[in-house]
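Let's take a look at what holds this chain together.

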Amino acid sequence: MTLHFTITGSPLPNIPWEDRPAGCTDVVWRSARNPVIPRDLIPRSNSIFNSAVVPFGAGFAGVFRVDHKTRDMILHRGKSDDAIHWELDPDPIEFACNDPEICKYEHRYDPRVCWLEDRYYITWCNGYHGPTIGIGYTYDFETFHFLENAFLPYNRNGVLFPRKLHGKYAMLSRPSDTGHTAFGDIFYSESPDMIHWGRHRFVMKPAYGWQSTKVGAGPIPIETSEGWLLIYHGVLTSCNGYVYSFGAALLDLDEPWKVLYRTAPYLLSPQMPYEQIGDVPNVAFPCAALVDPPTDRIAIYYGGADTVTCLAFAYVSEIIDFTRSNSL
Ligand code: BMA
């Protein structure tokens, strides 16, 4: 296949994949095997959703949001040979932590995992007197280390860039509130050491329709010659509550706070029963993507109705073309 642009990253020939179904004209299509992770995969799980997977060794590993039957929101590790059938550790991840002040946590949820330099960094929504962005790392998905909270409360959807920019680590996040935040813009921040974050820049705010209430970064941004491809969620406030869909934006490669294009229509909205019915109805919430640059294939992992984990497929080139030609 000859692409008219380049995608940065190593080949991933064993990416999970299903061809676009006959007759489907959507840019993003769902796995016929959805939900790929059921809510009851492990004995203590009430639900498993909004989770992050990465290539690891000959297979895949991930950090999963598991809401226990106590309704605590906790992170668990998982492994898979094919990125579809997952084995989750029944016990939560324990993060090694040096400072007792921040070692205790109120909750951990909505993880993202980012391979950066020499390790897998994990960012998640961490309860420390309200939600903020916790940062940890692992080399092996066996031992996990907690670094720091990146920001003051209240913040959600902390998503690292997969390489340094201007010699600094870079992250998107979404300042929020203690509750079910009825607003939300995406910001960009930089750090020399993963601990201290600053040089904050505004990236984007809600627009209309499916993204009229709030927006938040989804999977780790994908580097292409056309810009950073950011898949993000947007929220509509309907007469019956929030509706979470997702779309895409292209951000400037050097100055990612500059939005080049951004989809006016969504790429995927909650339309299947496993997205519409669950603990929180009408939620499609992407937290990870696997990409195979040589074939242009992308597999997007998203939570369905705050209950299960789902998978959707697309071609990166088609998302980019669609984003450009259907931009706000
Ligand atoms: C957000 C987060 C997500 C969740 C969504 C819908 O505020 O809590 O984890 O998927 O609400 O409930």
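## The cysteines

How many disulfides are there here? Count pairs of cysteine sulfur atoms within 2.5 Å as disulfides, and you get 1. Cysteine 97 and cysteine 103 are the partners, with 2.2 Å from S to S. A quick reminder: a disulfide is a covalent bond between the sulfur atoms of two cysteines. The torsion about the S-S bond of cysteine 97 and cysteine 103 is about -95 degrees, so this disulfide is left-handed.

Before going on, a word on where the values come from. This is a predicted model, where local features need pLDDT of at least 70 and side-chain atom pairs count only at pLDDT 80 or more, while totals for chains, interfaces and linings use all residues. Residues are numbered from 1 along each chain as its sequence is written, and side-chain values use heavy atoms, with hydrogens and water left out.

## The salt bridges

Next come the charged side chains. A salt bridge here is a side-chain nitrogen of Lys or Arg within 4 Å of a carboxyl oxygen of Asp or Glu, and the model has 17 of them. One of these joins glutamate 18 and arginine 33, at 3.2 Å from N to O. Glutamate 18 sits in the segment before strand 1 (29-30) and arginine 33 in the loop between strand 1 and strand 2 (45-56), so the pair ties together parts that are 15 residues apart in sequence. (Strands are DSSP runs of E, at least two residues long, numbered from the N terminus.) Glutamate 18 is buried, at 15%, whereas arginine 33 is partly exposed, at 41%.

Arginine 65 and aspartate 67 form another salt bridge, at 2.9 Å from N to O. Arginine 65 is buried at 6%, and aspartate 67 is buried at 4%. Then there's aspartate 89 with arginine 77, at 3.3 Å from N to O. This pair links distant parts of the chain, 12 residues apart: aspartate 89 is in the loop between strand 5 (87-88) and strand 6 (95-96), and arginine 77 is in strand 4 (residues 73-80). Both also belong to a salt-bridge network, together with Lys79 and Glu142.

## The nonpolar cores

In soluble globular proteins, nonpolar side chains tend to be buried together. A nonpolar core is a set of buried Ala, Val, Leu, Ile, Met, Phe, Trp, Tyr and Cys residues joined through side-chain atoms within 4.5 Å. The largest one here has 38 residues, and those with the most contacts inside it include Val63, Phe64 and Trp86. Strand 3 (59-68) is among the elements giving two or more residues to this core, and strand 3 gives the most, with 5 residues.

What does tryptophan 86 touch? With contact meaning heavy atoms within 4.5 Å, and leaving out residues up to four places away in sequence, its partners include Ile37, Leu41, Val53 and Phe60. Apart from this core lies another, of 32 residues, among them Leu116 and Tyr137.

Note on methods
Helix = DSSP H or I, 4+ residues; strand = E, 2+ residues; numbered from the N terminus. Buried < 20%, exposed > 50% of the residue type's maximum accessible area, 1.4 Å probe, protein only.
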